[in-house]
Amino acid sequence: MSSSSPSSPEARKNASSLLKPFNRLLLKSFTLLTAIVAGAALLPAQTTVNFTQTPYNSGDYSSDLIVSGDFNNDGILDIVTINPTTLSFYKGVGKGVYANAVTQTIPTNYGAGGGIFAADFNGDGKLDLAVSYGYGGGSSVLILLGNGKGGFTQGTPITVSGNAEAMALADFNGDHKPDIAISDNQSNQTWVYVGKGDGTFTLTDTLKNGGLSLVAGDFNADGKQDLVFAGGNGSDALGIYLGNGNGTFGAPVLSSLTNVSSLAVGDFYNNRIQTIAVLNSTISGFYVHSLRYSNGALYVENENFIGDPSAGGPFALAAGDLNGDFLFDIFLAGGSQNASGYTAYMIGNGNGTFQSPQTPPNNGAGIAYVSPFIRDLNRDSRHDVGMAWQTLGEGGAEILLNTSATTNCNPPAANKLSAVICAPSPGQIVSPTYTFKGAGNAFNGIVKRMELWIDGKKVGQNLEDQLKVTTPLTKGQHTASFVVVDSFDEYTSTSVTFSAN
């Protein structure tokens with residue numbers, strides 16, 4: 001993808017992950033970058049978030065997975081759920097509202113405990129889906145090719161020698177095409193497949209550990225995508241594989257933490273490096289931890305108690321900035337069809353710890369919530385929550401629209417990778433210290449990073465689809481470029497010329 005972005009580098013015991021710069025040189029000016037951006041983030045912020053709740057029925061008797069994306073190329077985010085026998089497409093009609101589900105038949109048993117991702121796997125400009133089998137024990141990942149209208153046809157599946165359970169999506173070999181890692185906690189393996197760009201994939205590595213949860217990120221800040229797995233190897237192992245940048249990985253590094261049910265990636269230490277939130281349970285209750293990699297070891301830190309064990313406790317989490325303070329928060333989902341639904345959010349403090357769980361709206365008894373995600377669904381610069389829900393005989397999509405977070409900049413439409421600038425305006429004369437505001441959106445995958453460059457020099461970034469950077473300026477005319485980077489390190493930018501007095 002072409003870009004007007006300037007070209008240049010991107011870098012109690014830990015180092016973690018993120019920032020794959022344009023030419024993979026990562027670490028230069030990292031200390032300065034952190035100081036500049038963190039100053040804008042650590043302001044007094046809301047500790048509660050208000051949501052409006054809307055459930056949508058899938059037309060099937062349960063729903064196991066949910067994903068957002070612009071599946072009909074109109075710039076508005078849509079929703080897809082995977083159900084026991086069908087796929088449901090909910091067309092976005094704007095302002096976070098969705099039309100009634102349109103269903104189509106798919107092979108049965110996909111989704112229960114598995115994973116789902118939306119990306120353009122065959123390069124035709126239409127979003128496709130990858131769906132793993134989950135607890136049913138199937139050996140394939142279903143590839144569904146989008147028709148650009150909300151419908152899908154079956155592509156070439158990815159078949160593994162064990163169970164296709166957990167799944168992660170990233171660019172593991174540096175060609176900007178979606179790749180897929182598939183993990184299994186019974187055969188204790190993870191398989192890495194790189195995408196050819198035509199909807200098919202090639203096996204590049206088989207890893208000896210697997211799990212029921214799998215996430216991708218750059219956890220050692222070397223510009224190469226890594227993998228963290230949990231819940232496998234016969235002992236509920238938690239560990240990391242560092243990526244080599246060519247679709248292969250090094251030896252695993254294991255942690256002693258067990259009984260992990262879910263992982264989520266975010267900038268939990270507010271240092272512009274990806275780290276991991278870990279949900280686990282013991283006989284004494286549910287806990288959220290921060291997990292960081294540093295110098296050859298994994299460090300599990302900051303144990304946060306969630307609640308006592310119960311049939312309706314949390315078993316999945318998602319990460320994102322819910323209150324608009326540019327610090328990563330988490331959202332937990334769970335419950336049981338035989339007990340009560342469970343939803344909660346925890347505001348992040350920016351140091352790997354979280355505030356006490358708070359309860360957003362939910363439907364209460366007899367509901368299980370699964371597969372949560374955080375994304376700005378109505379383009380108001382507030383991050384919303386989507387979940388799949390299931391009860392006895394029904395299922396669908398649950399949307400929680402965020403109505404109270406601090407706003408920054410409304411993002412552009414979702415039908416292409418793009419950025420908008422909210423401050424400054426063209427030709428504006430600004431103060432010697434100024435706060436720049438912008439936002440981005442992605443079609444292929446999601447926005448994983450936004451950057452600010454001034455006069456060809458990178459001065460700040462945020463690991464999300466919103467950008468807010470306060471920085472000193474010299475007197476005179478300047479050009480600011482706002483760069484947006486997607487899941488596969490494609491990027492684009494938009495620029496503005498202004499003056500400082």
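Which residue in strand 22 stands opposite Ala264? The points below take up this and related features.

1. Basis of the model. The structure is a predicted model, in which local features need pLDDT of at least 70, side-chain atom pairs count only at pLDDT 80 or more, and totals for chains, interfaces and linings use all residues. Residues are numbered from 1 along each chain as its sequence is written, and side-chain values use heavy atoms, with hydrogens and water left out.

2. Overall composition. The chain contains one helix and 38 strands (DSSP runs numbered from the N terminus: H or I of at least four residues for helices, E of at least two for strands). Of its 501 residues, 63% count as buried, that is, under 20% relative accessible area with a 1.4 Å probe, protein chains only.

3. Sheet 21-22-23-24. These four strands form an open, antiparallel sheet in that order; strands pair if DSSP finds at least two bridges between them. Strand 21 (260-266) and strand 24 (297-307) each have a single partner strand, so one side of each is left without a neighbour in the sheet. On average, neighbouring strands are turned by 25° against each other, direction ignored (axes are lines fitted to C-alpha atoms, and angles run from 0 to 180 degrees between N-to-C directions). Strand 21 is joined to strand 22 (residues 275-282) by six bridges. As to the opening question, the residue opposite Ala264 is Ala277.

4. Sheet 13-14-15-16. A further open sheet of four strands, also antiparallel, has the order 13-14-15-16. Its edges are strand 13 (166-170) and strand 16 (201-207); each has a single partner strand, so one side of each lacks a neighbour in the sheet. The twist averages 20° from one strand to the next. Six bridges link strand 15 (residues 189-195) with strand 16, and Thr190 has Leu207 as its bridge partner there.

5. Nonpolar cores. A nonpolar core is a set of buried Ala, Val, Leu, Ile, Met, Phe, Trp, Tyr and Cys residues joined through side-chain atoms within 4.5 Å. The largest has 21 residues, of which Phe436, Leu452, Ile454, Leu473, Ala480 and Phe482 touch the most other members. Strands giving two or more residues to this core include strand 33 (433-441) and strand 37 (476-486), while strand 34 supplies the largest share, four residues. A second, separate core of 19 residues includes Ile82, Leu129, Leu144 and Phe152.

6. Surroundings of Leu452. Neighbours within four places in sequence aside, Leu452 is in contact with residues including Phe436, Leu467, Val469, Ala480 and Phe482 (contact: heavy atoms within 4.5 Å).

Note on methods:
Buried means under 20% relative accessible area, exposed over 50%, partly exposed in between (1.4 Å probe, protein chains only).
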